Amino acid sequence: MKKLLLSSVIAMASSSVAFADTYRPECFAPAPGTSTISYDAKDGPYKIAFVNGFAGNDWRIQAIQSAKAWAARPENADKIDEFTVVSVGNESAAQIAAIDNFIAAGYDAITFIAVNPTAFEPVIRRAERAGTVLVPFDNVLDTDKVVQINESQKDLGALKAQTVMDILGGEADKILMVNGLPGNATDRDRRLGMMSVLENVDGLEIVEVVGNWDTGTSQKVVADALATHGQFDAVVSQHGSAGSINAMQDAGHPIVPMGVDGENGVRMLMSELGIPGVSASQAPAMSAIALEAAVALLEGNELPQTVFLPIPQVKSDALEAGVNYFPDLPKSFNTGTGYAECFTPFTPEELLGQSPDDS
Amino acid sequence: MLDYLKSNRREMIAALVLIVLLAVYLGTHPRGASTYVMTIWANQCLILGLAACAQFFAVVVRGIDLSVGAVMALSNCVASYLLDGSAFGIAIGMVAVVVVGALCGLINGLVVVYGRIQPIVATLATASIFVGIALLLRPTPGGAVNYDLADAMTLDVLGIPTAMVIAGVAVIGFWLPFRRTGLGLGLYALGSSEQAAFQSGINTKFIRLAAFTLAGLFGGLAGLFYSFVTTTGDAGIAASFTLNSIAAVVLGGVLLRGGVGSLIGALAGAFILKTIAALMFFSGIPSLAQPLFEGLILAAAIAIGGADVLRARNKLEAFS
């Protein structure tokens, strides 16, 4: 991350700062101080591959389904000659080999969720030589040479904290923060985002617990926090927020403003219990935006080097069954089915109609 | 010639299976048999190939080394600190990385020989220690490896993948001469029958120590080559390589009961395993079904290797 910050500083100095004249800035919003990248336009239809790493959780499965749903939409299907998804497991050498194989096979663009943020420099150079566009997303790289798609994790944290403080009128005595997996850049940035808001509140006591982004762990640590600290004015949770809500219900804690994640089950609870606050998360539909970005680049458009997508979010009063949460779908379904600023979000039917397999 | 083929039939079968699989792979690859495709394939194969060589030295003396992946992870993390900077520094760094691997192997050997602990238990314990040190060195993936060096080691020499050249050097430059030395013969003697070897005046302690040290040395080489491919240090790579190295030696005709097999077989087994994985790539088989198909091909390949048991007139021959 330090390297990334440094490189964006350098990019700024070299006067190629991204302005609003990049392609569709309402969707592909530039990160602060990032440079821009464009390639010579190529004629379609294109051969595109999505090289996933690990495939063993709901988020990744839904990311694969989103990518396929994107490729299945008629307006995209026309532009695509071949679309392939592979999952190579959690090994960077295997992911490099997979990307190399697609470069060798003459693919025009490859999107991927990097297993390791530092292992891809040589493969980026080989892709450049072969004229293949690489678009990493979600787990991005320490590089300034390719367009990367992500949400700002700091903004995501700040959004949740700001929303609950706004509801409380800017004043609170005690707030509970449920953090994610320690030692991880995403956890660090989300926490920093939350702190950037909460630190400015006078006399606020911040209680932090480690929820590991997991519903079960969150439920346990929040129950412990409630037992030792009594009542909180608000709760902000990175992920696994259903566990936090359940623990509060079990302890008979009154309903307070919350900043929570975007799982279907969390929104169901929010609506059912009338919890004020905001539900927002890293959306698996990001895989589709990465493909959209790849096509935009192949068509010769200019994009910011680091794209921070507009964070999909729903305030509690805007919750609507069948629109932004789905009572008849599993609780683990991620409501991040799209980015409205980029294209019409996928319907659950569109996603669930796609198999999590390779195509 | 025929005698040679007969006495090395395990390696011959492995080589034949490998050639068939490689032909199918190149046949299904949209780009066909180009230098680039061969290079990608050879790099993947050599990483596991060197890990399988490490495993071979432990297995041939009737041991097993569960720390192969851990030694790779540790040497990979060490490499990510040492392989950048001046040419001289890098040269020393490469030697240091391999020495780290060999030292890990020596520690394994000492624990097994003088601690009198079963290799499977000893190396399981040391594996945790090695990964622990690797994690201290690199809590998160990072570091850098000189790109020019990495390119030189992972691309090609006059159209031949460098990885194949390295494999060739390991076989012709190291294994074939080594096998004829006292130590080389001692490995087989010890693996076949420790009692007989001891009574013939072989220093069994020394041979076993040497075998585990060689295992560590090749683990270090595997970690070094992994560093060239990924140009970064990652402590999390241990798990998959240990088990795959065992599968590779079995596939290459090295018997887990010791005393049978060769480095060439271990390399061939590793290459087969990685070619099967590569084969899945453009096969169009859904990814969730790929482990099933990989397993089926693996089982078939091992069955072919073991088929000569069926020909034996007397079951005792299978154990001769």
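Helix α2 (residues 9–28) of chain B packs against helix α13 (residues 263–279) of chain B at an angle of about 25°, with the axes 9 Å apart. Axes here are lines fitted to C-alpha atoms, for helices over the stretch in contact, and angles run from 0 to 180 degrees between N-to-C directions. The angle therefore makes α2(B) roughly parallel to α13(B), a term for angles under 35 degrees. Helices are DSSP runs (H or I, at least four residues), numbered from the N terminus.

This is a predicted model, in which local features need pLDDT of at least 70, side-chain atom pairs count only at pLDDT 80 or more, and totals for chains, interfaces and linings use all residues. Residues are numbered from 1 along each chain as its sequence is written, and chains are lettered from A in the order in which they are written.

Which residues of α2(B) and α13(B) make the contact? Among them are Leu18(B) and Leu22(B) of α2(B), and Phe271(B) and Ile272(B) of α13(B). Contact requires C-beta atoms, placed from the backbone, to lie within 7 Å. By class, the contact of α2(B) with α13(B) has 15 nonpolar, three polar and two charged residues. Asp, Glu, Lys and Arg count as charged; Ala, Val, Leu, Ile, Met, Phe, Trp, Tyr, Cys and Pro as nonpolar; and the others, Gly among them, as polar.

I turn now to the chain interface. In chain B, 28 residues are in contact with 23 residues of chain A. On the side of chain B that touches chain A, α3 (35–60), α7 (147–154) and α11 (204–230) of chain B each give two or more residues. The most come from α3(B), with six residues. That side of chain B divides into 15 nonpolar, ten polar and three charged residues.

Key:
Contact = placed C-beta atoms within 7 Å. Parallel < 35°, antiparallel > 145°, perpendicular 65-115°, else oblique.
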